[in-house]
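Here is the note you asked for on this entry. Please read it with the sequence and the coordinates open beside it.

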Amino acid sequence: MLDIHIWFYTGCVLVVLGSIATVIGPGVKDPIVRTLNTEIPAVGLSMIFLTYNHTIALLTFVASTVIITMILLRAIIRLEEMGAKV
C-alpha cells in the first residue's frame, strides 16, 4: 500500500503547478486548454483531501469541477458575444 504522504505531497505539487498554469491560462487561445488548466488544481486539492477522508475528496472534486466549468463556459460565451477572438 502506498504511503499516505505520497498522496499529500503530490496533491500539493499539483495545486501549485495548476495554479501557475491557471494564471498563465488566459494567454492561451484554446478554451479546452484553459479548462484543463483549472482542473489540475482541483485534482490536487482532491488528492490532499484524500489523505483525510475519501468522501470529502470526492465531493470537493465534483463540486470544484462543476463550478469551474460553469464559470469558464459563461466567460467564453460572454467573450464570443462581445466579438472577442477566443
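1. The model is a predicted one, and its protein chain comprises three helices and zero strands, so that the order read along the sequence is α-α-α.

2. Of the 86 residues in the protein chain, 23% are buried. The chain exposes about 6000 Å², and carbon and sulfur atoms supply 77% of that area. Among contacts with a separation of 6 or more, 56% are between residues 24 or more positions apart.

3. Helix H1, residues 4-24, and helix H2, residues 31-50, have axes that come within 7 Å and cross at roughly 160 degrees. An angle over 145 degrees counts as roughly antiparallel, and H1 and H2 are therefore described as roughly antiparallel to each other. Their crossing is left-handed. On the H1 side the contact includes Trp 7, Phe 8, Leu 14 and Val 15, along with Gly 11 and Gly 18, while the H2 side includes Ile 40, Pro 41, Gly 44, Met 47 and Ile 48. Taken together, the residues of this contact divide into 13 nonpolar, eight polar and no charged.

4. The pairing of H2 with helix H3, residues 54-82, has an angle of about 160 degrees and axes 9 Å apart. H2 and H3 are therefore also roughly antiparallel to each other, but here H2 passes H3 in a right-handed crossing. From H2, the residues involved include Arg 34, Glu 39, Ala 42, Val 43, Ser 46 and Phe 49, and they belong to a contact in which H3 contributes, among others, His 54, Phe 61, Ile 68, Leu 72, Ile 76 and Leu 79. The residues of the contact of H2 with H3 divide into 13 nonpolar, eight polar and two charged.

5. The C-alpha atoms of Phe 61 and Pro 41 are separated by 9.7 Å, with the two residues 20 apart along the chain. Pro 41 itself is listed on the H2 side of the contact with H1.

Key:
Residues numbered from 1 in each chain as written. Predicted model: local features only at pLDDT ≥ 70, side-chain atom pairs only at ≥ 80, totals over all residues. Heavy atoms only, no water. Helix = DSSP H or I, 4+ residues; strand = E, 2+ residues; numbered from the N terminus. Buried < 20%, exposed > 50% of the residue type's maximum accessible area, 1.4 Å probe, protein only. Contact = heavy atoms within 4.5 Å. Areas by Shrake-Rupley, 256 points an atom, 1.4 Å probe, with all protein chains shown as cover. Axes fitted to C-alpha atoms, helices over the stretch in contact; angles between N-to-C directions. Parallel < 35°, antiparallel > 145°, perpendicular 65-115°, else oblique. Left-handed = near helix turned anticlockwise from the far one by under 90°. Nonpolar A, V, L, I, M, F, W, Y, C, P; charged D, E, K, R; others polar.
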